[in-house]
Every structure is written in C-alpha cells, then in structure tokens.
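Here are some exercises to work through with the model open beside you. Try each task before reading its solution.

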Amino acid sequence: MKYWRKPLDSDRKKAPHGNVHVIFERCKGCGFCIAYCPRQVLEVSTEYNRKGYHPPVVAHPEKCVNCRLCEALCPEFAIWNTLDEVPSVE
Amino acid sequence: MNPNQLLGKRGTADAHPMEDFLRMDRMPHIWCSTCGLGTCLTAFIAAAQESAIPREDIVVVSGIGCTGRAAGYLKYDSFHTTHGRAIPYATGLKVANPRLKVCIISGDGDLVSIGGNHLIHAARRNMDLTVICVNNFNYAMTGGQAAPTTPQTAIATTTPYGAFERPFNIPFLVDSCGATYVARWTALHVRQLTIAIKEALLHRGFSFIEVISPCPTVYARRNRLGTGLDLMKFYHDHSITKNFASTRECDIKFQQDIVVGKFVQREEPTYLDAMDAQMKKTLGAKFVPYVGPMDPNSERTKSDART
C-alpha cells in the first residue's frame, strides 16, 4: 500500500490482507466487483465460463485488504473474501 | 465503522458465507446479468444477521415480479403471495403472531401499483412491518410496460413515444400516509442499504426502504442506457445523499440526480399498540392483550406442538 505520508500508527497497525474466492461457473459476468474494487485486485478473464460470461480473475491477490465490497456487491453470490491471518507488511 | 461488521458471517475458503441463508437448490437465480436485485438480497441477509433477530422470528413476504422471487430464494420462513397482496398477507402474519418480524421484499409494480391501496393503508395504520420496495421503473418481468414509477419521457413497451404520466414519488407517498421510517438508497449503496435495512428491522412501526435498482434487459435497453453496470456508474455519479430531506423534493426525473438517504424516522404508536391502548381504556381490566402463540406462558403455546 502506498501512502502520501507515513501514518503515525504504522508501527502498531497493519492493513489486513484478504483472499478472494471466485466461483467461476456461478458468475454472470456483470463486472460490478471489477469496476468497484478499491484496490483493482480483479480483472476480466479471457476465458468463458459454461454460461458464456467472462468471470473475474484475481490478478493482484497481494493488493486485497479484505474490505469485502466485492462480496457485498456481487448479485450472484459468486465472490467472497476470507481474512488472511498474516497481515501484509509494508 | 468497521465494514467487516456489516456483512454478517465471514466466509470460509470452501463456501460463500451467505449460502446458509439461501435456498441453494434454486440457484442460479433468474435475475439477469447486471441486475441489482441480487445485491439487495445480499444487503438483506447481512442486515438480518447484523440485527441479531433470531432467524425463526423473521418472515419474508414477496408479491409477484422479478423482485417477488426474493422470498423463494431466501432460506427464512417465506411467502410468495398473489400479485400486489404482499402487505395484506404480512399484516395477517403480524397480527396473528406479533412477535414475528415481517419483511416484505417486492417491486414497485407490485407494491405501489396493484398493491398501492394496501401500501397506503398499512402506512396509515403504522403496521409494524418492514417494506423493501425495489424500484426498477417498469414492470420488468412481463416485458417492460410503463409502471406508476416510470419517469416522464422514459420509453417503455407501452409508451414507445415516451411516458407522459406523472410518476409516484414513493417516499413522499408513504411519508404523507404516516410511515415512521422512510429511506431511499440505490443498489450501489450496499453499506448504507445494509444499515437502513437493519434499522428498519429494529424499528417499531411501518418502515419503508426504496431501493433504486438497474434493469438492464428492459428499462436500460429500451432507453439506450447501456448495461446495469453503466446504470450503477450513473448512480455513483448522480446520487445526492440528503438525510432528513423533505420527501416532497425527492422526485425522480429521467436520468437526473437522485436524492438518497434516510428521510423519516419517528416514534409513533403502532397498530397493535393503539389497539391495546384503546381497548384497555374502554374495557379496563377485562381486556387481555393478545401476545401471540409464541409467548412461553400462554396456554396456546403449551398446546402448540412446534414450540
């Protein structure tokens, strides 16, 4: 994560790190998660799923901060986050 | 505010956290790609978990239409009722068992058009119900006919030269009829919507939430507005949050700014409170308030095999 200045509590607080899980075949390719991810973790896949949509792929897994916005926005219940126990150290 | 606290249960690596609250045998749902209804369902499940209301106390009632499918997909006690009559069914449930939290998830065509009479009277009586009205500006399931919420100049199947009827301003309608909690959010405002549904579930009295949702297949296509994602981007750019704004000024004009926020929150006696108070005044000690079959001390509960 890039900061314009070093946060005062950066020695005590660490940004959490999340893992993104996508059910490839359940997705209907609406693109809400890709458009609204605040860290640009997701990208459109080049492959089709069985329904003929392009589901998201986790292009930058290291950027995820487990905000769970993709999970909240997904209309298909096809994407969710789990909190990684090891916080990202930067 | 920690956003993680607004989504209910956390997921595990193998299963989506909301699968426990959905009838997975009915998935995938019928809603189109880029439709906002699935997002509303996510917000509802998260809010129901966050409100800490026991799952057996929540009942979901739906009418007919795209949004009417919601009751069928949620793994709560649920009813899929006749067209427009979701509120009468819910009123009956609430009166028969006042302990239940009865939620109505239905569309604008169902609640405001064919069920408009029931909506205004439930608001007038201040029935203790939670109504989530998903507004997509037309009758989407039957092919995109003009609804009483279709904004002027918008094109629908039955208005090929543009709608000219004056649309309903739903928050103003229910506010003027006496609703005690009124909010409006779009399908993009998931966090605010989750908070609003949670507040509405815990609110005593008639709570009404209007959710503006994109309809990509009919409304957006006929009006050449792109996909549901384009409409979500439109909501992102053109939503103005004005909490406690006057509902009279919350008209929705075609592709113009949408006022969102929590408009009304007040405490007033509900239908059952008012009935109990009046009966007590008239009948005195003879009157025994009805507490419903789920009260542990009542004779009815002891004879009811379910409890």
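**Exercise 1.** Find out how far strand 8 (residues 207-212) of chain B is enclosed by the rest of the structure.

*Solution.* Start with the count: six of the six residues of this strand are buried, so strand 8 of chain B is largely enclosed by the rest of the structure. Here, buried means that 20 or more other C-beta atoms, placed from the backbone, lie within 10 Å of the residue's own; strands are DSSP runs (E, at least two residues) and helices likewise (H or I, at least four), numbered from the N terminus. Next, recall that side chains in a regular strand alternate between the two faces of the sheet. Now take each face in turn: B:Ser207, B:Ile209 and B:Val211 are buried on one side, and B:Phe208, B:Glu210 and B:Ile212 are buried on the other.

This is a predicted model, where local features need pLDDT of at least 70 and side-chain atom pairs count only at pLDDT 80 or more, while totals for chains, interfaces and linings use all residues. Residues are numbered from 1 along each chain as its sequence is written, with chains lettered from A and ligands numbered from 1 in the order in which they are written.

**Exercise 2.** Identify the strands that pair with strand 8 of chain B.

*Solution.* Pairing requires at least two DSSP bridges between two strands. First, strand 4 (residues 129-135) of chain B runs parallel to strand 8, joined by six bridges; B:Val131 has B:Phe208 as its bridge partner. Then, strand 7 (residues 181-186) of chain B is also parallel to strand 8, through six bridges, and B:Trp185 stands opposite B:Val211.

Definitions and conventions: Buried ≥ 20, exposed ≤ 12 C-beta atoms within 10 Å, placed from the backbone.
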